[in-house]
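Please keep the coordinates at hand while reading.

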Amino acid sequence: MGRNNKSNIRPFDEGKFDVRGRVIPYGEYRPFSFLPELRMNDEVAPHIIERAEAALNEPIPMLPLSLYRDFELTGMRSNFETPWRVRRNQLAHCTLAESYERGGRFIDKIADLIFAILEESTWVWPAHTNTPWAPYRDAVPDVYREDQCHGLDLCGGSTAATLALTRLLLKDELDKISPVICKRIDRQIYLRATKPFLTHKFGWTGEYGGGCNNWVTNITLNVLFATAVCERDLTVRESTVMRAMRYLDNFAAYYPTDGSCDEGPDYWIASPGDYVDALELIDEMTGGAVKVYDHPHVRKMLEYISAMNIDDTYFVNFSDAAPRISLNGKAVMEYAERCCSPELYSFGKMMAAKMSPARYFFTDTIVRSFKTHATPELHEADPVLAKRAVWFGDNKIAVLRESEVTSEGFFLATKGGTNSEAHNHLDVGALVLYYGGRPVIVDPSRGSYNNYYFGHERYNRWYTKSSYHSVPTVNGIEEGVGAAYASKDEIFDADNRTVTMELGGAFPTEAGIISMKRTCSITGGEARITDTVKAKEESNICFNYLTIDEPRIIEDGVLAIAEGRSFIYNTDLTLEIEKVTNTYLPFEDLDFKHLWQRDCLWRIVLKKRAAEAEARITVK
Amino acid sequence: MGQNNRSNIRIFEERGIRAEGLVLPKEKFVFFRDVKEKKITKEFGEVIMKGAEEALASEIPFLPLSLYRDFKKTGIRSNFEPAHHKRRRMLSVMTFAEVYEGKGRFIEKILDIAWAMLEESTWILPAHFNNPGATEHSVPNVYKDEQPHGLDIYACNACSHLAMVYYFLGDKLDEISPVIKKRIEHAVYQRGVRPLLEHTFGWMGENNGVCNNWLTDIVVNVLLATAICIEDMKTREAVLDKTMHLLDNFSAYYPLDGGCDEGPGYWSAAPGDYFNCLELIEDLTDGKITIYDHPHVKNMGEYISKVNIDGKYFLNFSDAAPRLSQPGKMIMRYGEKCGSPELYSFGKMAEASNTPNLVHLLYNPYISYREMITPEIHEAEKVIAKRAVWLGDSKIAVLRESEITSEGFFLAMKGGTNAEAHNHIDVGVIVLFHSGKPIFIDPSHGSYNNGYFGKERYIRWYTKSSGHSIPTVNGYEERAGLEYASRDEVFDEENMTVSMELGGAFPEEAGILTFRRTCQIAEGEARITDTVKLKAEGDVRFNYLTLDEPKLIEPGKLEIAEGRTLTYNPELEFVAERVENVNLPYEDLAIERLWGRPCLWRIVLLAHGTEAEARITVK
């Protein structure tokens, strides 16, 4: 979502809900009342138990201060985060396994993990130290008093929720070891989650300008859940629900009216997905008195994901998104039911049928993971029919399909917008072309979140630059960074399945561009891309197309490219074919093998020295 | 010391000493004000560097909750404690390595361990979880705001270990982050200072006056950490006042004769730490508070030289080990400051046989540091011991054939009660050495496991009277309790004879009218006479615990350890019994390590009748 397309829609405010007196007290609250039982399904159980058994034989990793400090010293996140995650994953697996078996063989390990996590000086990640609310100074957690108010980031929230799930499922067993364990969980959840949530001014809440993203939904969901399970004080429970409603409204208000997720499809599950999970908790915590699922804005946010699906697990992957996402189909079905969207439901069912029960959704919240595992597996789905033309007017994303059946014919997506989006790449005008559900022209995705990727080094990498997003260059100059660098004059013609945008404004003045017009269409079994550049004076104009396989020259003006397609261009342009690899080390580390199952990508460059040039591409 | 021989001497109180206005502020405090050159000796430096290199290459042991819970489940201390202790040892050896070497290469690991310790839920050992405020159901009981922690002999030394990091490496910590020092200050206050000031713990001796080495050990560590880490002057004064009050409890409970009823193995932790505390108070008040001149201080000190047999062998009554390395450098200072040349020369002899070591590092890094900066002693003059010593409160008699400790017979006997600290059922126990080598022994103790400090203590052979060269009468051993005691003790210095009535140490059911034991050294012989009179005809087994298998040469004559000959009145029937651990897992005396033998032996002489007497002569 850009900065100028806020919906300003606040569903809870609109509903004028009165929460006081409606929140269910600690002793009567029963979470996940819609689930058949608080237990994994029998199909997933063996897989989780296998991992839990492995955890029994693995040591709990230490988290010494030097690892906390490591990120500041090296810029590497994984040295700290990997062992940090191992602790949580061990706990989650052992908790699910023990609550399924109830034989007691995991309970000592669970108690060890709980105490190890409770003993951690902070639950906030070192990589989140640049946030002003983090309890850090000079990379050492600034916590030394038991009652000290901690910061609250994604990781503090998820830690609280993981402990809360263990407590929810295994309190009796833990009490047998000692009532101290759950008392200490409750205390620390209050100090590290509920209290900061209620009393601190965090930027991610969207309360202080600057917008909000998946942080607000994720943290709100996790804190709500942990508070719902552990907090005995009814006033605190009420305050937490009311605060959550306000933050969730901030999220909805900042979200664009068209429902598109500017962080890309793989953040969708963490943004609108967590949002709906939080709505569900509020619904449960108030005994059904506070519900907003039926709001059209909620539905738009949710339906975005089915529109962005190309075919199978391929999604349009603008920004930092990965091209293939194993989306939690069961969750999608649940959201579709909440917002009453048959289209989303059938997409969810297709994804659910593709889910392997062995897959544990590490990237999901513990709340969603648990709901997913407690829901029966799905093995069959009906074919999904997609709309042939979709336009997201706020984020300027166009989706065009040759066929309603996702696995047939051409799929083309392009995006305008600005160069100041969340997880931004310099990609105003980026192009994605698939055929038969398989990639032809691609958005490259990203490397690891290392080495100041979230800082001044971000745009040193090839895969964040516009020339590697199939956008032309003039005199080698890339697009500029910032909200001012944007597309304009976007025209979407659904009937003719054509989209046109003016991209010249995305470049800095020194590029000397008068206009750069990109037109894409799908027609007559062909994908057509026409790029027209007008410069102030004679310039080196390059038209770039990032493709997945090495193009072979068939004849002048005709290339054989991926998926057996032909790439036809006007021969007044000079052809160059470039191999694309990581060269600027250690910053560039895009994982070609993992993302694209290739050793490299290729770029078709069509050049002309002139004041005006046009590339007319047909792929068939 | 039993309950009835308290000195009731309260030195600080008698002299009206108060802390107010005398305490140095934090930034002016230095330790060992009387030592000008505070440099770690080269010899110590080498030991430290070796230990520190090993620590650098070692992983920090993990302390999961299951290890804390283990003691309650299994009764075994050694599952948790080695991992816990290793953290502290690693921390301090690297801290001193950094002090010695100053290259900064240990800093990161030091920080990691310090941080890990700060993250520990409690600093109290699981074996001490009955300490108030420490636990609930074997899980560290910490979950409330600013919850007061308990305070045991390990929580206090965690304070010291961190205080030493703070003292020596504070500037380097600040370069990394000021949080670390702040967190140490806070933890020392929460886990050391506050419990000391706000709680009344059993070990303080506030309720019944009973106290032991816990008091001195805890107080010296908390006082050290306060001196280094606590800024607030009122708190500094309050800790010193409390320290002096508690030290008075300690000296008041201590017997006038200076005898340490926990045995010589605890001397360095009891009067030794008392003395360390006095030195720390001297430093903290810039010399304004000193009490070394009090005769009670001297008596408590001199005990250790009195119970030395020869070299590293000590009288090892109760839970003491037979061979002890004593902190000679500290003992020399103790002797010097309290005006005892005897203690000083014993300390020097003890130190000359020591090599630089870090045994005190775990319990008190402060004391270790003092050793590190004191020049090594390599040679000592001969120590001449008194031939006859009587500790009237503890009822301990020491007799020597020669003034030179390594020559002739050494015979010691102890009466007292069966309710002493670290008690064994041992009223009347004898220890016989020749030329500084053991013949009849007190067996020492096994591990502190499996209910040793509870109801299972006396199911072990080495805590029973029959394991202490005391007769069994009609199958009865002596019994535990204050009323089971010796009486009519007669010590004759001139004739080198001690005699005690021991019948009262046995239960009524044993049917004993009187049982008198007389020990003497005369004419190059050690003589022991045990005379038992019974209410009715019965069985008496005279027991003597010895090192080597006794060989019968002829009735009435045995060849025993050290090539000695033992003669006895031949009407008694002789039996040799092998002594080893059989009641497993409770009995675990390390016979091989303590005595260099696979097993011990008991010389048993059997008698039947209304009267029985064993007359033993060893020559």
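Domain 1 of chain B spans 12-373, and domain 2 of chain B spans 388-618. Taken over C-alpha atoms, the centres of these two domains lie 36 Å apart.

The model is a predicted one, and its confidence values deserve attention before any detail is read. For the complex, the predictor reports an ipTM of 0.78 and a pTM of 0.80. The mean pLDDT of chain B is 92, and 97% of its residues score at least 70. Among the elements of chain B, the highest mean pLDDT, 98, belongs to helix α1 (residues 11-14), whereas the lowest, 52, belongs to strand β1 (residues 135-136). Where pLDDT is low, predicted coordinates should not be read in detail.

Helix α7 (residues 178-198) of chain B packs against helix α8 (residues 213-229) of chain B with the axes 10 Å apart and an angle of about 140°. The two helices are therefore oblique, since an angle counts as roughly antiparallel only over 145 degrees. Their crossing, that of α7(B) and α8(B), is left-handed. From α7(B), the contact draws on B:I184, B:E185, B:V188, B:G192, B:V193 and B:L196, and from α8(B) on B:V222, B:A225, B:T226 and B:C229. By class, this contact of α7(B) with α8(B) contains seven nonpolar residues, two polar and one charged.

The next pair is α8(B) with helix α9 (residues 233-253) of chain B, whose axes are also 10 Å apart, at an angle of about 165°. That angle is why α8(B) is described as roughly antiparallel to α9(B). The crossing of α8(B) and α9(B) is left-handed. In α8(B), the residues B:L215, B:T216, B:V219, B:V222, B:L223 and B:T226 meet B:R236, B:V239, B:T243, B:L246, B:L247, B:N249 and B:F250 in α9(B). The classes represented in the contact of α8(B) with α9(B) are eight nonpolar, four polar and one charged.

In chain A, the pair to consider is helix α7 (residues 179-199) and helix α9 (residues 234-254), whose axes come within 10 Å and cross at roughly 60°. The handedness of the crossing of α7(A) and α9(A) is left-handed. A:T194, A:F197 and A:L198 of α7(A) make the contact with A:V236, A:S239, A:T240 and A:R243 of α9(A). The contact of α7(A) with α9(A) has three nonpolar, three polar and one charged residues.

Some backbone details remain. In chain A, the peptide bond from A:L585 to A:P586 is cis, with omega near 0°, and A:P586 sits in the loop between β20 (574-580) and α15 (592-596). In chain B, a cis peptide bond with omega of about 0° joins B:L584 and B:P585, and B:P585 occupies the loop between β20 (573-579) and α15 (591-595). Finally, A:N8 is a residue other than glycine with a positive phi, near 55°; A:N8 lies in the segment before α1 (11-15) of chain A.

Technical notes
Residues numbered from 1 in each chain as written. Chains lettered and ligands numbered in written order. Predicted model: local features only at pLDDT ≥ 70, side-chain atom pairs only at ≥ 80, totals over all residues. pLDDT = per-residue confidence, 0-100. Helix = DSSP H or I, 4+ residues; strand = E, 2+ residues; numbered from the N terminus. Domains from an automatic or database assignment. Axes fitted to C-alpha atoms, helices over the stretch in contact; angles between N-to-C directions. Left-handed = near helix turned anticlockwise from the far one by under 90°. Contact = placed C-beta atoms within 7 Å. Nonpolar A, V, L, I, M, F, W, Y, C, P; charged D, E, K, R; others polar. Parallel < 35°, antiparallel > 145°, perpendicular 65-115°, else oblique.
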